[in-house]
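Good morning, colleagues. Please look at the display as we begin.

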Amino acid sequence: MGLNMAAGIDPDKLKNNLQSRLESLHNLYSSNLISKSTLSSQLLELITTKEAKSFWDSTMKQDLTARRMLAMLEYPKRWIEDSSSPEDERLDIFKERLIDIFLQPDVSSDDLLEMLLDTACLPHFESSVFSRNSKASSKKSGAKLSILD
């Protein structure tokens, strides 16, 4: 429905859908129905959806430089460690960061979604997210069809 046209995007609806999915993941994990590894993979999948990208583009992208600077200033040691890590390890580090954010106590659902998306836009993780997105577009449709069959 209007996700392809910028004017048709409803950020509140996108946010509600994404938060609902995060809540479902929280319930699955807190009930010990999924492992930490599965949780990290599911968080990555959620952050790389078209919905998440559309929400990011419509509500947060305009502040990209400020958001990156804030992350660098708030966590300078982590920024240095993450940005100097080998490229082939960054996806695993990114998944660890997503888990760390997700498992923080007393974080509102609004803040959680924003923190996850902010992490995905960091320059040292952005390539992992975008390269995964381009791989996903070619692979996923076949995988989804076989699962649904």
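Does asparagine 32 count as buried or exposed? At 69% relative accessibility, asparagine 32 counts as exposed, where buried means under 20% relative accessible area, exposed over 50%, and partly exposed in between, with a 1.4 Å probe and protein chains only. Before I continue, a word on the source: this is a predicted model, in which local features need pLDDT of at least 70 and side-chain atom pairs count only at pLDDT 80 or more, while totals for chains, interfaces and linings use all residues. Residues are numbered from 1 along each chain as its sequence is written, and side-chain values use heavy atoms, with hydrogens and water left out.

Asparagine 32 sits in the loop between α1 and α2. Its phi is near 60°, a positive value in a residue other than glycine. As background, most residues other than glycine have a negative phi. Aspartate 106 also has a positive phi, about 60°, although it is not a glycine. This aspartate 106 belongs to the loop between α6 and α7 and is exposed, with a relative accessible area of 82%.

Let me turn to the fold as a whole. The protein chain holds eight helices and zero strands; helices (H or I, at least four residues) and strands (E, at least two) are DSSP runs, numbered from the N terminus. Of its 149 residues, 34% count as buried. The accessible surface is about 9,300 Å², and carbon and sulfur atoms hold 54% of it; such areas come from the Shrake-Rupley method with a 1.4 Å probe, and for residues, only the protein chains shown count as cover. Among contacts with a separation of 6 or more, 71% join residues 24 or more positions apart, a contact being heavy atoms within 4.5 Å.

The largest nonpolar core has 32 residues, of which Leu22, Leu43, Phe94, Leu116 and Leu117 touch the most other members. Such a core is a set of buried Ala, Val, Leu, Ile, Met, Phe, Trp, Tyr and Cys residues joined through side-chain atoms within 4.5 Å. Helix α6 gives the largest share, six residues. Leaving aside residues up to four places away in sequence, leucine 117 touches Ile47, Ala52, Phe55, Trp56 and Met60. Ala52, Phe55 and Trp56 are among the buried residues of helix α3 (residues 50-59), and the cover over the buried residues of α3 includes α1 (11-30), α2 (36-47), α4 (64-74) and α7 (109-120).

Finally, two helix pairs. How do α2 and α6 pack? Their axes lie 9 Å apart at an angle of about 95°, which makes α2 roughly perpendicular to α6. Here axes are lines fitted to C-alpha atoms, for helices over the stretch in contact, and angles run from 0 to 180 degrees between N-to-C directions. Angles under 35 degrees count as roughly parallel, over 145 as roughly antiparallel, 65 to 115 as roughly perpendicular and the rest as oblique. Residues of this contact include Leu43 of α2 and Phe94 of α6.

By contrast in topic, helix α5 (residues 76-83) and helix α6 (residues 90-102) pack at about 150°, their axes 10 Å apart, and are therefore roughly antiparallel. Arg78, Asp82 and Ser83 of α5 meet Arg90, Ile93 and Arg97 of α6.
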